[in-house]
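Me: I have a structure open and want to learn how to read it. Can we go feature by feature?

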Amino acid sequence: MASSIYSLVYYSRNYIASDETTFAANVDQILAKSRLNNQRDEITGALLFNAGCFAQVLEGPLDTVEAAFERIQQDERHGDVSLLALNPIEHRSFPNWAMGFIGTSKIHAERFADIGSSSGFDPSRLTGDEINSLLRELAIEEEAA
Ligand code: FAD
């Protein structure tokens, strides 16, 4: 039977001012709105921030995932939004997260820097699968912490 759950992976460039307070306030606002909308839309996923870029996995019914991605692409808080993957999946990778955020703790920053350096700090050189696996690994660590 065909899967009715899809996973979408993209990355983008951060356009939010880089001072810590402004960035944190904007991310808080994005996460609060995302969690509200995503619960309504049966979307789960994770958002990673590092080296001036966002990478995000959205998983859920195709129609709501596509609608969320449409809204996200219009958002002026980031740009150069590049779709890396949109595939049917058997199981959600982030069943417990309406939208987890990874990118604040030191261990995660270091881990992403390792991966970043092998790809020139450029998420555009990571595949959708690599980003999905990275986020999943970090989410498991975060839940265990
Ligand atoms: P409203 O919240 O009513 O917003 C109306 C309009 O105002 C929208 O066009 C919105 O983009 C814009 N807007 C609102 N606040 C600001 C602001 N502070 N600065 C600039 N424009 C603003 N949304 C989700 O639903 N799920 C997600 O997983 C998700 N992930 C995101 C990840 C990133 C990296 C970014 C930058 C945004 C993400 N968003 C997500 C937010 C998304 O882009 C839309 O802002 C949101 O979905 C709009 O929700 P709404 O239709 O309820 O409109």
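Me: Of the 145 residues of the chain, what percentage count as buried?

Reply: This is a predicted model. In the chain of 145 residues, 46% count as buried. The accessible surface comes to about 7900 Å². Carbon and sulfur atoms hold 51% of that surface.

Me: How many helices and strands are in the chain, and in what order do the elements run?

Reply: The chain has four helices and five strands. Starting at the N terminus, the order is β-α-β-β-α-β-β-α-α. Next, look at sequence separation. Take the contacts between residues at least 6 apart in sequence: 79% of these join residues at least 24 apart.

Me: Which residues of α1 are buried?

Reply: Start with the general idea. An α-helix has 3.6 residues a turn, so residues three or four places apart point the same way. Now the case here. The buried residues of α1 are Phe 23, Asn 26, Val 27, Ile 30, Leu 31, Ser 34, Asn 37, Asn 38 and Asp 41. They cover an arc of only 150° around the axis, which puts them on the same side of α1.

Me: Which exposed residues sit on the face of α1 turned away from the buried side?

Reply: That face carries Thr 21, Asp 28, Gln 29, Lys 33, Leu 36, Gln 39 and Arg 40.

Me: What covers the buried residues of α1?

Reply: The cover includes the strands β1 (5–14), β2 (44–50), β3 (53–61) and β5 (100–102). Helix α2 is also part of the cover.

Me: Which residue follows α1, and what is its phi?

Reply: Glu 42 follows α1. The phi of Glu 42 is positive, near 60°.

Me: On to charges. How many salt bridges does a search of the whole structure find?

Reply: The general idea comes before the count. Side chains of opposite charge can pair when their charged atoms come close. Searching the whole structure gives three salt bridges. One of them joins Asp 41 and Arg 40, with the closest N and O atoms 2.8 Å apart.

Me: Are Asp 41 and Arg 40 buried or exposed?

Reply: Asp 41 has a relative accessible area of 10%, so Asp 41 is buried. Arg 40 counts as exposed because its relative accessibility is 54%.

Me: Which residue does Arg 71 form a salt bridge with?

Reply: Arg 71 pairs with Asp 41, and the closest N and O atoms are 3.9 Å apart. This pair links distant parts of the chain: Arg 71 lies in helix α2, Asp 41 in helix α1 (residues 20–41), 30 residues apart. Helix α2 covers residues 62–74. Arg 71 is partly exposed, at 38% relative accessibility. Leave aside neighbours within four places in sequence, and Arg 71 is in contact with Asn 37, Arg 40 and Asp 41.

Me: Which side chain meets Asp 75 in a salt bridge?

Reply: The side chain of Arg 77 does, at 2.7 Å from N to O. Arg 77 is partly exposed, with a relative accessible area of 28%. Asp 75 also counts as partly exposed, at 22%.

Me: Which residues do salt bridges with shared partners join into one network?

Reply: Arg 40, Asp 41 and Arg 71 form that network.

Technical notes
Residues are numbered from 1 along each chain as its sequence is written. This is a predicted model: local features need pLDDT of at least 70, side-chain atom pairs count only at pLDDT 80 or more; totals for chains, interfaces and linings use all residues. Side-chain values use heavy atoms; hydrogens and water are left out. Helices (H or I, at least four residues) and strands (E, at least two) are DSSP runs, numbered from the N terminus. Buried means under 20% relative accessible area, exposed over 50%, partly exposed in between (1.4 Å probe, protein chains only). Contact means heavy atoms within 4.5 Å. Accessible areas come from the Shrake-Rupley method with a 1.4 Å probe; for residues, only the protein chains shown count as cover. A salt bridge is a side-chain nitrogen of Lys or Arg within 4 Å of a carboxyl oxygen of Asp or Glu. The arc is that of the directions from the helix axis to the C-beta atoms.
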